[in-house]
Amino acid sequence: MYRLKNVTKRYDAKGRTVTALNDVTLEIPDGQLVAIQGPTGGGKSTLLQMLGALDRPTSGTVELGDASLGTLADSRLTGIRGTEIGFVFQGFNLIPTLTALENVETALVPLGVSADERRDRAARALESVGLGDRGDHRPAELSGGQQQRVAIARALVKEPNVLLADEPTGNLDEDTRDEIMDLLEGLWRDRGLTLVIVTHDSAVARRAQRRLHIKAGKVKELA
Amino acid sequence: MFGTYLRRELLGRRRQTIIIAIGMALAIALVIIVNSVATGVRDAQAQVLRSVYGVGTDITITRPVTPPSGTDQGGQGARGPRFDFGAGAGDASGDGSRTVHSSRLTVGFGTQTMAATSLTTVQKVHGVEAASAVLSLTNTTFDGTLPSFGSRQQGGAGATPAPSGGSDAKGGSSFDVDSFTVMGMTPGGRAVGPLSATTLAKGRTLAASDEGKHVAVLDSSYAKSKSIGVGDTLSIGGTDFTVVGTVSPTGSDSATASNVYIPLDVAQKLSSQTGKVSTIYVQAESASAVDSLKASLQKALPKATVATQADLAANVSGSLGSAGQLVSNLGTWLSVIVLAAAFLIAILFTISGVTRRTREFGTLKAIGWSNRRVVGQVAGESVLQGLVGGIAGIAIGLIGVLVVNVVSPTLTGGLSSGRGVAGSMAEGARRTFGGGTGQTGRFGGAFGGASSGARSAAATQVDLSAPVTAWVIALAVALAVLGGLLAGAIGGWRASRLRPAEALRSVQ
């Protein structure tokens, strides 16, 4: 359960103060699939950073369960990101020198599990996204859709409660986009995740239970 | 994961790894080679000094040479020996020319003597373990044929007859000037001084009972070159000496400090230097107190030149001296510059690597990697790159040192002979290095020149070997790790400042 109360985020950019989020109050119940849409520079990424404990609000509070993400120490935030929140990025963000399996394993490193268990769990996660036979491939040897599947496996291998996806289909063609959305939707349904997807794509947004539109730092519910 | 990630990064980004490693390798190799050669040169210098001043000598005391003046003081100091022949000197031969022969034992050119009581003064100085005094002399023998100038006067009126006789039967002259070095030393005293660097080859060494006797110990290679054996006689300053033994150098030098060693009192008497010595050799009680002892000795003997081994090393001349300077100046600076360049390359590449991998590290932080883990990864990569370079550098360095040792350049080393401190050292140098076989000068036809017969430059030859010590290898590894740590610390610091939100940076 996310609770955002009067969240404002300002940046100083080249001497000008930019208000990326302007007094946003918002609740996202557990298990909801939410799509966030809006124009570029409207505050989508900033909102995702607040939800992902990647940055702190200038004012207001962001709570995930009992944790207040705006006031916790950096090390606690790192811990929450390592256990509670999975990320999927537009550019996949895989480590190019590591194999698919090793990329998935990186998500288990902060959890301190044994090397054997890490490998087993990573292999199972790859299987669950349909890439059980591609564990020893480098990202460059995989297609865009396959790379995003590896990234999804990496996000979910630690069994988080929340999955945050930043334009997960932005770099993919339409067929692959649908495949990835099917996969995410299936995982959301099976695992009872809270899934927040930032997207430009209305076709993607239409699959969500709830659609938010953010423009000039203000959030608006779409019917 | 740390190891896997490390391995994958270093192998996956091979170009960067290789560039950093090559830079580091060259620097480390240079450090090893320069260090080893420097050690080799130092060894060679020590060897040269040891042959002159003996093992265990910490300080030498001499009198500085005063500029030449009209009258000769304290021996032949600034002038060589002079041979005067009267009109009737020598033996007349059939064609009217005369054969002359003279032998002089004099204080060597460039040597100044001091009172033998200086030794007592030195021995009383606090911190002196042992001291001995020697008198360095040169024996010069003149053998020659002079033409018959007398025939001109006897010719009377009319045409002046051409000179006759001499070496070319037309009035020319021929001289042999043979000189060898003689050192007067206290018999029985071998603890400190030139003979401490020698071993007895044949016969016996000078004993305390030899005082006042005409006995001599010869340098073995000089004895060999002159075919003189134990029991033979040798003329020194016109007096016959019995050769009682020969000594050879302990090191790899070709010769000992002097050609001939005789009792000090005899040397003083024959050279008319009664109560005089030329050099005092001092051994300090403690090696760490040499500098303070030098000051005390200088105070006790204000007119004398007091020189430590370090002072003397600075006076080693010849290609050995040049090599010493080259290694200590150019070599050291080159090492420092190349090392700095290698460190800079490693640091810049690491920083650019971190900048390029901004999204990668941001992602790792976003998925829960702690700052410490990310910094450790960056530092680990740098240290490993440094180590790879260091190991390659050790290999290259060892090959370089091997090449130096195989080529084994021969360096020529002597002690420079200038004025002041250097000048006072000159006598030792000449004794030693000129002494191998003695010098023979032959002057056909011309007059004069005899006084410079014993002045040829002299040097010892040392084959340079560059030893590799465990210390140098440890230094190389330490430098490689240091370079890696430096690059890793700076790169890690950059990585630690990356915000996890960088993961969301849009793809370019």
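Residues are numbered from 1 along each chain as its sequence is written, and chains are lettered from A in the order in which they are written. Because the model is predicted, local features need pLDDT of at least 70 and side-chain atom pairs count only at pLDDT 80 or more, whereas totals for chains, interfaces and linings use all residues; side-chain values use heavy atoms, with hydrogens and water left out.

Trainee: What area is buried between chain B and chain A?

Mentor: The size of an interface is often given as the accessible area lost when the parts come together. Here buried area is the accessible area (1.4 Å probe) that two parts lose on being put together, summed over both. Carbon and sulfur atoms give 62% of the area between chain B and chain A, and the total is about 2300 Å².

Trainee: Which three residues supply 32% of the area that chain B buries against chain A?

Mentor: The contact (heavy atoms within 4.5 Å) takes 29 residues from chain A and 24 residues from chain B. Within the area that chain B buries against chain A, the share of 32% is more than any other three residues supply, and it comes from B:Met1, B:Ile367 and B:Leu504.

Trainee: Which residue of chain B meets A:Glu102 in a salt bridge?

Mentor: Side chains of opposite charge can pair when their charged atoms come close. A salt bridge is taken as a side-chain nitrogen of Lys or Arg within 4 Å of a carboxyl oxygen of Asp or Glu, and across the interface of chain B and chain A the rule finds 2. In the one that involves A:Glu102, the N to O distance is 2.6 Å and the partner is B:Arg8.

Trainee: Which helix gives the most to the side of chain B that touches chain A?

Mentor: Helices are DSSP runs (H or I, at least four residues), numbered from the N terminus. Helix H1 (2-12) and helix H10 (358-366) of chain B each supply at least two residues of that side. The most, 6 residues, comes from H10(B).

Trainee: How many residues apart in sequence are the parts tied together by A:Glu179 and A:Arg149?

Mentor: The closest N and O atoms of this salt bridge are 3.0 Å apart. A:Glu179 is partly exposed, at 39% relative accessible area, while A:Arg149 is buried, at 17% (buried means under 20%, exposed over 50%, partly exposed in between, with a 1.4 Å probe and protein chains only). Because A:Glu179 lies in helix H6 (residues 174-191) and A:Arg149 in helix H5 (residues 144-156) of chain A, the pair ties together parts whose separation in sequence is 30 residues.
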